[in-house]
Amino acid sequence: MEGDFVNKAAITIKDVAREAKVSVATVSRALNGHENVAEPVRQLVLEVAARLRYTPHAAARSLSSRRTNTVGVVLPDLYGEFFSELMRGIDQIARIRRQHLLVSSYHGDQEQQGAALRAMRGRVDGLLVLSPYAESPGFLTDNLPQSLPTVLINTYLPDQDHPVLSIDDHAGAVAMTRHLLDVGHRRIAFISGPDSNYDARERLRGFRDALAAFGSDAQGIELPGDFDEASGHRAGQELLAAGTLPDAVFAANDMMALGCLYAFAQAGLKVPDDVALAGFDDIPLARFVHPSLTTMQVSIAELGDMAMTRLMQLMDSKSAESAGDKQTLVPKLIVRDSSKSVSRRTQTHTPSGR
């Protein structure tokens, strides 16, 4: 038994190649997830490697290939369904390409973001970065590791040299506002995101532009928010305290819409009979609340999938051709029960229990 253990511990890539009757180079390409390996051959190599219990020596492989087979992901937060869905899409491609993920969150603090980016140097072969700051894009440029393949997600960076995958937040907000106007709502409250967040600014701009294009018959009410349930709940309470409800509430993301929905439910309001409600993102929970939430559908997991796929292309390429390309996803209007057309309300509503 001892000899058997020694033999298994000494298994090398040459043993796998000999057993699978392929070259060492083919085994290496199959185990590293390269695309230029026929799928039956890949499966054979994987089966043999598993049967022989072959484990590549990570340090040696890194020295020989100068690759760590690790991708860094730097996000502003890990909390909430948006980031969960984004990571799901990234992870799907990472697993297919046999890449490890080194994930860091900087919790909205730019200095921590800079530290996270600097810490990735030498540890990863490429970077995925989501940085929503609209006021100081130069900070990100100064801290991105030079010569490291990088793909930006929903990041405002003028004159950038990296691929960017973004959501057309302005067009999405225009489409949602027009929907609410088209079904008869005229007084529409908008719960915005953080002032320094580029996505939030674009969604607010889209809301304002759609109202302005409609004409003087439309009225907008703007409330602050922070892209979380608590700020949506506070905004809902503020609307209730004002006494006269708007016809509809458009929250700049689904999490705030759900917080607002809870505030209305606590006060005995019925959505959409008393007030219509809409969000943005189409997180999985949006279709399962009651009433189901009208929203702008962003394929969040697809966004992560596309970003990781683009990064792998960049890492596999020897040139920087088309490195600064930009892809934009246009959100799709999803109409559910929370925004059904109802007659406009003019009376003052007094919430139950007050």
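**The sheet and the cores**

Guide: Six strands make up an open sheet with parallel pairing, in the order β2-β1-β3-β4-β5-β11. Strands here are DSSP runs of E with at least two residues, and helices are runs of H or I with at least four, numbered from the N terminus. This is a predicted model, where local features need pLDDT of at least 70, side-chain atom pairs count only at pLDDT 80 or more, and totals for chains, interfaces and linings use all residues. Residues are numbered from 1 along each chain as its sequence is written, and side-chain values use heavy atoms, leaving out hydrogens and water.

Visitor: Which residues have the most contacts inside the largest nonpolar core?
Guide: They are Leu 86, Leu 128, Ile 188, Val 249, Phe 250, Phe 264 and Met 308, in a core of 68 residues. A nonpolar core is a set of buried Ala, Val, Leu, Ile, Met, Phe, Trp, Tyr and Cys residues joined through side-chain atoms within 4.5 Å; buried means under 20% relative accessible area (1.4 Å probe, protein chains only). Helix α13 (residues 300-316) gives the largest share, eight residues.

Visitor: Why does this core lie between domain 2 and domain 3?
Guide: Because domain 2 (70-166 + 300-329) and domain 3 (169-297) both give residues to this core. The domain bounds come from an automatic or database domain assignment.

Definitions and conventions: Pairing = 2+ DSSP bridges. Buried < 20%, exposed > 50% of the residue type's maximum accessible area, 1.4 Å probe, protein only.
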